[in-house]
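Reader: I am new to this structure. Could you take me through it in short steps?

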Amino acid sequence: MTEFSEWFHNILEEAEIIDTRYPIKGMHVWQPQGFKIRKYALSMLKEILDEDHEEVLFPLLIPEDELAKEAIHVKGFEEEVYWITHGGLTPLNKKLALRPTSETAMYPMFALWVRSHSDLPMKFYQVVNTFRYETKHTRPLIRVREITTFKEAHTVHADAEGAQKQVERAIEIYSSFFDQLGIPYVVTRRPEWDKFPGADYTMAFDTLLPDGKTLQIGTVHNLGQTFARTFDITYETAEGEHEYVYQTCYGLSDRVIASIIGIHGDSAGLKLPPGVAPYQVVIVPVLFKKGAQEVMDFCNQLKDRIKKSGIRVHLDDRDLRAGKKYYEWEMRGVPIRLEIGPRDIANKKMVIVRRDIMEKEIVDYNEETLITDLNNVLEDIKENLRAEAREDFQNNIRPAGTVEEARDIVTNQKGIVSFSWCGDEECGKEIEEYVNVDILGVKEESTEGKCIKCGKESRYLALLAKTY
């Protein structure tokens, strides 16, 4: 693959994922192919969430006084908020914010909805767009001003134990989702100085793109009672007492799509996991003057048979050279390509090309086993993509025994560095400054070894890396 940033921008354009020419920096248009990838990824996620969450939809606008109620929270977003000050030509009595995230939009309503212990727990999610005035260098799908695919879940519980269990459940949900997409990840507890504003603590999922930088692809926040006290969200206990609730929230964004594209892609273009591919199978007729109609009739019947089974299939009947079609569908990442010519029909054969390994195989055409065979290949492609990505990811996590070694790894080998840390905030910030990267967070408790900066007894195994 060429320089990743250039490759990434080019493939977004060539594969018609998004169009970045919209005349506002950091905002883009989803094109049909990209929107389908987005749609199928969200369908996977919603299927998991719908097991024990309810989907809702809250307004985009947040009154200034509601946004300002939670001082710590708003301070975390104050430089990123877009404000609406007029309705037409009339100045508004109260400024309205375009949501940077929805806690301050949803929680005043939660205060109205929660009444009794019998109402709890409540678990909601929504998929919306959010706006953040990103001042750094914007990158399509990675660092944007309009997050068009913002999935946020918000839950309400009677006690701290319920909230803690929900954090664990949220991690299970995201792990299952990313596993289906073949996206490798690490889960860490973010350091105190990098947690979500207003949260007791933050858990985060990070993956690794081919340029050696990590990308945060999901976060889970235990909010404790911070927002409950601010927005007066209480419930009546079985004994008639009124108690503040405990809350969690967790979200992910367009970065999931960026990860699918970046992690699985290669120099030929996209390699899409079958679950999110707009087309899972493409049929390319190989036509000659003699027998062309017979081939087309066969391919149309084949397409109908595959479509009826639920596999997303496309017949490329354009008047173009077969080689040009092959190149295009490889670039677009279609998992399976079937090539059918007159000789194949005569011999009851077909040529199957797998995008993940770029190998061509001549197989028997058997109507009875066709759909089972295709589904088996799709499942194998899914597992192969996941295994390849996981192996590459694990190979790019390297231990460091000193800050000098950590800096050398980050500079010369890239990827993620694991190290022993005492857990002290001042020491952690000194590590970040010396290595010139961010501490992703704590992976697990560990008393093995000494802190790489101060030499004290280690409390944690932690990770650091260059980040987006």
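The questions and answers below go from the whole chain to single residues.

Reader: What are the spans of the C-alpha trace along its principal axes?
Author: Keep in mind that this is a predicted model. The protein chain has 468 residues. Along the principal axes, its C-alpha trace spans about 80 × 55 × 50 Å.

Reader: How many helices and strands does the protein chain have?
Author: Both kinds of element are present in the protein chain. The count comes to 14 helices and 23 strands.

Reader: What share of the residues counts as buried?
Author: A residue is buried when its relative accessible area is under 20%. Among the 468 residues of the protein chain, the buried share is 53%.

Reader: Is Cys-427 buried or exposed?
Author: The cut-off for buried is under 20% relative accessible area. Cys-451 has 4%, so Cys-451 is buried. Cys-427 has 5%, so the answer for Cys-427 is buried.

Reader: Which residues form the negative surface patch?
Author: One member, Glu-239, sits in the loop between strand E12 (234–236) and strand E13 (242–244). Glu-239 has 67% relative accessibility, so it counts as exposed. The patch is formed by Glu-236, Glu-239, Glu-241 and Glu-243.

Reader: Which peptide bond is cis, with omega near 0 degrees?
Author: Look at the loop between helix H5 (103–113) and strand E7 (122–131). Pro-121 is found there. The cis bond runs from Leu-120 to Pro-121.

Reader: What is the phi of Asp-232?
Author: Asp-232 lies in the loop between helix H7 (226–231) and E12. At 47% relative accessibility, Asp-232 is partly exposed. Its phi is positive, though the residue is not glycine. The value is near 55 degrees.

Reader: Where is Lys-414 found?
Author: Lys-414 is not a glycine, yet it has a positive phi of about 65 degrees. Its relative accessible area is 41%, so Lys-414 is partly exposed. Its place is the loop between helix H13 (403–412) and strand E21 (416–421).

Technical notes: Residues are numbered from 1 along each chain as its sequence is written. This is a predicted model: local features need pLDDT of at least 70, side-chain atom pairs count only at pLDDT 80 or more; totals for chains, interfaces and linings use all residues. Side-chain values use heavy atoms; hydrogens and water are left out. Buried means under 20% relative accessible area, exposed over 50%, partly exposed in between (1.4 Å probe, protein chains only). Patches are made of residues with over 30% relative accessible area and no salt bridge: like charges are joined within 9 Å, nonpolar side chains (Val, Leu, Ile, Met, Phe, Trp, Tyr) within 5 Å. Accessible areas come from the Shrake-Rupley method with a 1.4 Å probe; for residues, only the protein chains shown count as cover. A salt bridge is a side-chain nitrogen of Lys or Arg within 4 Å of a carboxyl oxygen of Asp or Glu. Lys and Arg count as positive and Asp and Glu as negative; His and the chain ends are not counted. The place of a charge is taken as NZ of Lys, CZ of Arg, CG of Asp or CD of Glu. Helices (H or I, at least four residues) and strands (E, at least two) are DSSP runs, numbered from the N terminus.
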